[in-house]
Structures are given as C-alpha cells and as structure tokens.
Amino acid sequence: MRRPDWLDELHGLLTMGVVLTGIGGAVTTIGILMGRPFDVQVSGASLLSADVPLNLPPGTSIDSAVSLQVDHPTGAQRAWELLATLPAILLLLLVLFLLWRLVGRARHDDPFTGGIVTRFRALGLLSVIGGPVVWAIQSAAGFALSTTLKPLDAYTLLDFAVPGSWLLFGFGMFAIAEIVRRGRSLRAELDEVV
C-alpha cells in the first residue's frame, strides 16, 4: 500500500481550487456584465415594518437578512455588484495561487529554506491587509448597491466574520513561517554540532 504524500495531495487540491475559482470568477464576471439577475442581501428589519402581518409567533421579529433579486439591473447596479463581488474572487484566486506555488516548491525542494519562510510571510501579509481591504470595498459597494433599490429604505448588512477569517488565516501563515524559521535555526545548530 502506497503511503500518501500529503504535500502532493494538497498540491492537487490547490490546483483544482485555482482552476475552479478562476472559472467561477470568469463566469460570475461575465454574468454580471451581461446583465443576469443577481441577489442583494438587505436588512429584513428595515424592509418589513412591525405592522405587516407575517404570522410570526408572539414576541418574535424579523432581524436577519432578506435576499432581493434584481431582475433587470441597470448599468450602475451591475458596476456596484461587480465591485462587491470581483475583489474577493481575485484575492482568493491570488492566495490559492501563491499557496499552490509554495506547496509545489516545498514538494520539490527543501521545505526548510528562507524562500519558504518568505512566501509564508507574504501570504500572511496579503491576507492580513488584503482581506480587510477587500471586505471594506465589498461592504461599501454592497451599501451603494442597496441604495439603488428605491423606493426601499433597506441597506445591506455588514458581515464581520469575513475580515476576521482573513486575519485568522493571515496570522496562521505568519505562525507557520515562524515555525519553519525556527526549524531552520535548529537545523543549522545541529549541523554545527555534527
């Protein structure tokens, strides 16, 4: 029975991730530019007033997002939707590509090199800075898009889990870079002893 090479398995999964994310991003972008209908998430509390009969149990209210479909988007709505969608896809594609390259290099070369440490740090920096920046762009574009849905007075919701996830991933990359750096230091010390 063949012992699994986990770097090889991960490299294959990352290859599929890069390809599928690229295809999905292209299809999404083309669909938005062609004017296909898309959904806009808005606050349900601001959309539905308390006097609307919804057959809700006593003591409950609408507090979550409501998805509205824009069937015939205007040019401005398509531009806001593209700005709310495309940066996250591009960031994810870039992170997956860099991780794919990093794993590929670790598979074929010594994984305890300065280049690997540098690449992990670059991934961490890209995630820690890029994730919140992309989230801010998405949030601003989503807010602007929701303001085009007149005469409704409903606005998009902020999802703070998104920048938190990018920060967690980025700090994880920094931690892995530090582990590899310390491993390199220990290896150098051992080589001097032997």
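Guide: Leucine 86 is partly exposed, because its relative accessible area is 23%; buried means under 20%, exposed over 50%, and partly exposed in between, with a 1.4 Å probe and protein chains only. This is a predicted model: local features need pLDDT of at least 70, side-chain atom pairs count only at pLDDT 80 or more, and totals for chains, interfaces and linings use all residues. Residues are numbered from 1 along each chain as its sequence is written, and side-chain values use heavy atoms, without hydrogens and water.

Visitor: Which helix is leucine 86 found in?
Guide: Helix H3. Helices are DSSP runs (H or I, at least four residues), numbered from the N terminus.

Visitor: How far apart are leucine 86 and valine 134 in space?
Guide: 9.4 Å, C-alpha to C-alpha, though 48 residues separate them in sequence.

Visitor: At what angle do H3 and H4 pack?
Guide: About 170 degrees, with axes 9 Å apart. Axes are lines fitted to C-alpha atoms over the stretch in contact, and angles run from 0 to 180 degrees between N-to-C directions. So H3 is roughly antiparallel to H4 (over 145 degrees).

Visitor: New topic. How many residues has the largest nonpolar core?
Guide: 18, and Leu14 and Phe120 are among those with the most contacts inside it. Such a core is a set of buried Ala, Val, Leu, Ile, Met, Phe, Trp, Tyr and Cys residues joined through side-chain atoms within 4.5 Å.

Visitor: Which helix gives the most to this core?
Guide: H3, with seven residues.

Terms used: Helix = DSSP H or I, 4+ residues; strand = E, 2+ residues; numbered from the N terminus. Parallel < 35°, antiparallel > 145°, perpendicular 65-115°, else oblique.
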